[in-house]
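I opened my notebook to look at how two chains meet, and then at one residue away from that topic. Here is the model I had on screen.

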Protein chains: 2
Amino acid sequence: MTVLESDYGKLLAKYKDLAVLQSTSAIVGWDMETKMPPRAIKLRSEQLAQLSQFQHRMITDAEIGTLLASIEKSPDYEGLPEVGKRNVHLIRKSYDEQTKLPEELVVETERQRSITIDVWKKAKAAKDFALFRPELEKIFELKKRAAEILMDVKKTASPYDALIDMFEPKITSDRIASVFDELRKNLVRIIGKCLGASSQPDVSVLRRNIPITIQEKISSSLADLIEYDVTSKNAGGRIDETEHPFTTGYYDDVRITTHYYENNVASSIYSVLHEGGHAKYEQGLRRDWMYQPVGSAPSYGFHESQSRFVENMVGRSTEFWQYYLPRLKTIVGGIFSDVGLDDVVGAVNAVKPSKIRTEADEVTYSLHIIIRFEIERDLFGGKITVPELPEVWNQKYLEYLGQRIDNDSEGVMQDTHWAGGDFGYFPSYALGNIYGGQILSKLNRDIPDWRNSIEKGSYRKTDEWLAKNIYSLGNLHDPLDLIRIITGEGINVGPFVEYLESKYSKLYGY
Amino acid sequence: MTVLESDYGKLLAKYKDLAVLQSTSAIVGWDMETKMPPRAIKLRSEQLAQLSQFQHRMITDAEIGTLLASIEKSPDYEGLPEVGKRNVHLIRKSYDEQTKLPEELVVETERQRSITIDVWKKAKAAKDFALFRPELEKIFELKKRAAEILMDVKKTASPYDALIDMFEPKITSDRIASVFDELRKNLVRIIGKCLGASSQPDVSVLRRNIPITIQEKISSSLADLIEYDVTSKNAGGRIDETEHPFTTGYYDDVRITTHYYENNVASSIYSVLHEGGHAKYEQGLRRDWMYQPVGSAPSYGFHESQSRFVENMVGRSTEFWQYYLPRLKTIVGGIFSDVGLDDVVGAVNAVKPSKIRTEADEVTYSLHIIIRFEIERDLFGGKITVPELPEVWNQKYLEYLGQRIDNDSEGVMQDTHWAGGDFGYFPSYALGNIYGGQILSKLNRDIPDWRNSIEKGSYRKTDEWLAKNIYSLGNLHDPLDLIRIITGEGINVGPFVEYLESKYSKLYGY
């Protein structure tokens with residue numbers, strides 16, 4: 001064994017420790033949202049703060065620095081396979097970034113996160129931004145400190161760009177601004193046409209009352225359909241209920257959650273499909289890359305492209321409902337006996353500007369994101385302050401979506417992200433839509449009849465294409481490189497807009 | 001602040017880190033048994049091995065050694081309050097023990113534990129001791145190595161005594177042997193009288209079919225009765241289902257499990273009461289001792305005394321059933337309408353030697369433990385070997401309990417303890433019965449009418465007595481000292497035997 005091989009082996013062993021610990025944190029975090037007795041919240045924040053402290057120590061372990069230096073200056077370095085070079089690069093990146101963040105800042109941020117989220121929940125329930133504001137300011141100041149440190153390491157143009165890079169490596173806020181600008185113009189046009197169409201879908205069919213025990217059966221049937229195993233003796237997933245749906249876990253233990261509303265069956269159906277898409281990605285990573293940096297998704301945007309693919313491009317398609325509506329009718333008994341294919345496809349694709357991001361349709365959704373991006377950019381750019389957030393928010397909702405915000409709970413306090421300190425995260429949601437459009441266009445070229453198999457209830461062919469072309473590439477490339485490798489072109493709003501145009505012009509007959 | 005105060009503060013801060021991490025491990029272990037997707041077992045064993053490695057490093061941190069030395073040699077040491085001295089003593093004890101155990105041995109043991117338990121499950125299902133044997137030998141050899149190291153540190157008379165000391169500090173196998181000898185003779189006598197009585201209880205009433213959803217309601221009502229909160233907005237507990245019932249957690253997050261059998265409602269009732277007793281102990285520890293060594297129970301036997309108090313002395317009493325039978329009838333609908341108080345009290349107290357420890361009645365139970373104690377002692381004493389275990393086991397079951405063991409799944413492989421490397425644990429179960437008898441006798445003296453309040457459905461008065469006299473003393477004393485402080489005498493089989501005599505002579509009319 002050469003020195004390089006030995007050092008590389010040691011480096012990967014160190015990384016494995018980190019990956020194992022992160023997977024532990026994921027379980028502890030999942031438990032907090034799903035099963036934890038309420039009185040345990042303070043103990044839990046101690047547990048999570050400690051785990052994040054350990055992770056920070058592992059990433060910044062001086063021995064990692066020594067191993068990295070030895071590997072990088074080795075005369076054999078160029079001979080390392082591509083995967084090895086990428087692993088070294090990814091560990092180097094997090095090592096450089098995290099060693100610059102003082103442990104005290106990391107631990108304090110983790111602790112403040114728990115507090116701000118806790119206060120956010122109370123403030124949201126009480127519709128009281130003034131209650132939320134001081135804690136939001138604290139987490140914002142902590143993240144600003146981190147962003148300023150990271151800006152130096154990452155050599156980004158601004159602190160905000162450094163935060164974006166944590167979620168979507170190598171993309172800049174300027175690039176996002178120009179992409180979003182093009183996206184916004186197109187969305188506004190399509191929304192206008194939909195709203196102006198003579199016939200509007202009737203969404204009342206989705207409001208029929210479905211008991212939660214029956215909705216749980218719907219969830220299982222959807223998991224079966226996309227081959228996300230939550231029931232067999234070898235299952236690697238599970239579905240639970242939480243206030244806000246999410247996906248968490250690692251390889252053989254990837255869990256999704258949904259939220260059941262008796263009078264809104266579509267809410268859970270699309271949560272299960274959305275989170276199921278995230279879970280499929282995680283479980284489709286190459287097994288031989290487990291415990292390595294390459295054994296992960298390359299960005300939040302890429303992850304989102306896959307959740308939205310399953311949710312929207314599969315789950316809101318006519319072909320899906322052609323297959324699933326009869327099954328759904330069987331599961332729910334007589335409740336949908338009078339509902340036809342066009343009724344349900346129209347209802348689940350109804351375009352209607354609204355106040356709440358998570359309830360937005362596929363077309364207006366990205367406008368919610370663009371608003372958040374612009375606000376974050378101005379907040380970190382010093383153009384606005386935390387106390388001004390409600391005013392700015394309400395102004396933009398009126399301007400972009402025609403919505404008058406009556407209270408901050410349905411306004412600036414609707415999302416958990418800022419309370420959790422996740423500034424820079426939101427752009428990934430809309431970038432996911434854009435990547436998703438490009439990936440769909442490539443899938444259409446590679447397997448022109450993939451929608452036919454969905455219509456027959458078989459997801460296998462589509463799943464295999466996604467596994468081969470996306471999941472199995474893991475984190476071998478940065479997102480902007482990966483989208484080029486998959487589709488042959490850089491980030492491009494065009495295919496997503498074309499997909500929307502083609503779908504909604506048919507649905508709305510414009 | 002004196003040097004002593006400063007060092008003591010630092011020592012406690014170190015211990016807090018450990019307590020937080022242990023509480024994290026508890027959650028991860030709980031998840032493995034209750035919620036984990038089956039495919040995750042290998043990942044989970046990596047997670048648990050890592051957490052145990054971290055714990056070992058924390059306990060053996062050289063700075064703890066430095067702080068302990070500085071505190072112990074401080075001229076102000078004698079001025080430390082009793083609690084402070086006890087904390088220092090307990091940290092010193094685990095530091096001395098754990099620093100002697102090589103990290104490699106600790107991690108290897110944790111890894112082998114997961115493997116042996118996994119193979120045990122398969123071997124038990126296949127009734128195949130030969131499959132289990134090689135993995136059992138591995139964990140036994142690892143524990144023997146540890147026991148030999150610990151014997152030197154603890155200065156015990158044998159390696160087995162060093163293992164017992166982990167569960168029941170300062171008690172020796174010789175002392176246990178003499179206590180168990182007295183216990184055995186008395187039990188054999190009482191069993192003989194019960195079996196020889198002219199009228200035997202009819203246990204068939206307990207075999208009536210009760211759907212699991214209804215049994216879940218029974219669990220909640222029992223938790224309510226003993227004021228173990230699993231439902232309120234400030235709940236600090238929960239009840240889930242597992243193959244084998246257990247309790248785990250820390251202060252504000254103490255969880256119990258039960259197992260439901262449709263045709264055996266008593267099984268879950270007594271699991272909930274038993275585990276609920278454990279949970280009450282944990283939640284009754286002094287809040288200002290949280291994160292300190294004194295904020296824990298002094299031994300497994302003491303813990304068991306409390307679980308058995310709630311299960312047997314409360315839950316199998318006439319007074320309990322006087323209150324609970326009408327409530328149970330309401331919960332289960334018409335199923336028990338023909339059942340009278342004497343029927344149910346007779347049935348839940350039926351004495352009948354059996355093969356399976358966890359199904360044993362209150363009288364024969366300790367004989368199961370005595371068998372295991374004798375086997376463990378001989379195994380670590382080199383008088384028998386792992387391959388001989390089935391033969392020795394079967395012989396003793398025939399001799400002590402008159403049971404002919406047909407296969408090893410209902411014999412030597414019935415328990416998980418040895419698979420998990422928990423040699424030395426079993427004696428605590430019977431010691432718990434003995435402590436419990438002594439504590440009951442003291443309770444009878446202090447509150448002669450406590451059973452009347454149980455009859456009225458109020459556990460409060462009894463609970464407060466237990467909290468004041470047992471729970472709140474935490475780990476301030478070793479178990480043999482604590483029993484003397486509580487009852488005024490050292491360990492004594494008498495009260496437990498008198499309790500059984502008085503109860504069973506009435507029940508069986510002998």
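**Interface of chains A and B**

I began with polar contacts, and across the interface of chain A and chain B I found 18 residue pairs, both residues at pLDDT 80 or more. A polar contact here is a pair of N or O atoms within 3.5 Å; within protein, one must be able to donate a hydrogen and the other to accept it, and residues adjacent in sequence count only if both atoms are side-chain atoms.

I then asked which elements supply the side of chain A that touches chain B. At least two residues each come from α1 (3-34), α2 (41-59), β1 (237-241) and β3 (253-258) of chain A. The most, 10 residues, come from α1(A). Helices (H or I, at least four residues) and strands (E, at least two) are DSSP runs, numbered from the N terminus.

I sorted the residues on that side of chain A into 17 nonpolar, 9 polar and 13 charged. Ala, Val, Leu, Ile, Met, Phe, Trp, Tyr, Cys and Pro count as nonpolar, Asp, Glu, Lys and Arg as charged, and the others, Gly among them, as polar.

A note on the source: this is a predicted model, in which local features need pLDDT of at least 70, side-chain atom pairs count only at pLDDT 80 or more, and totals for chains, interfaces and linings use all residues. Residues are numbered from 1 along each chain as its sequence is written, chains are lettered from A and ligands numbered from 1 in the order in which they are written, and side-chain values use heavy atoms, with hydrogens and water left out.

**Contacts and salt bridges**

I listed 39 residues of chain A in contact (heavy atoms within 4.5 Å) with 39 residues of chain B. The rule gave me 6 salt bridges across this interface, each a side-chain nitrogen of Lys or Arg within 4 Å of a carboxyl oxygen of Asp or Glu. I looked up B:Asp31 with A:Arg255, a salt bridge whose closest N and O atoms are 2.7 Å apart.

**Symmetry**

How is chain A superposed on chain B? I used least squares on the C-alpha atoms of residues with pLDDT of at least 70 in both copies. A rotation of 180 degrees with 0.1 Å of shift along its axis does it, at RMSD 0.0 Å. That is the relation of a two-fold axis.

**B:Ile269**

I placed B:Ile269 in helix α10 (residues 265-283) of chain B. Leaving out residues up to four places away in sequence, B:Ile269 touches B:Ile218, B:Leu222 and B:Trp321.
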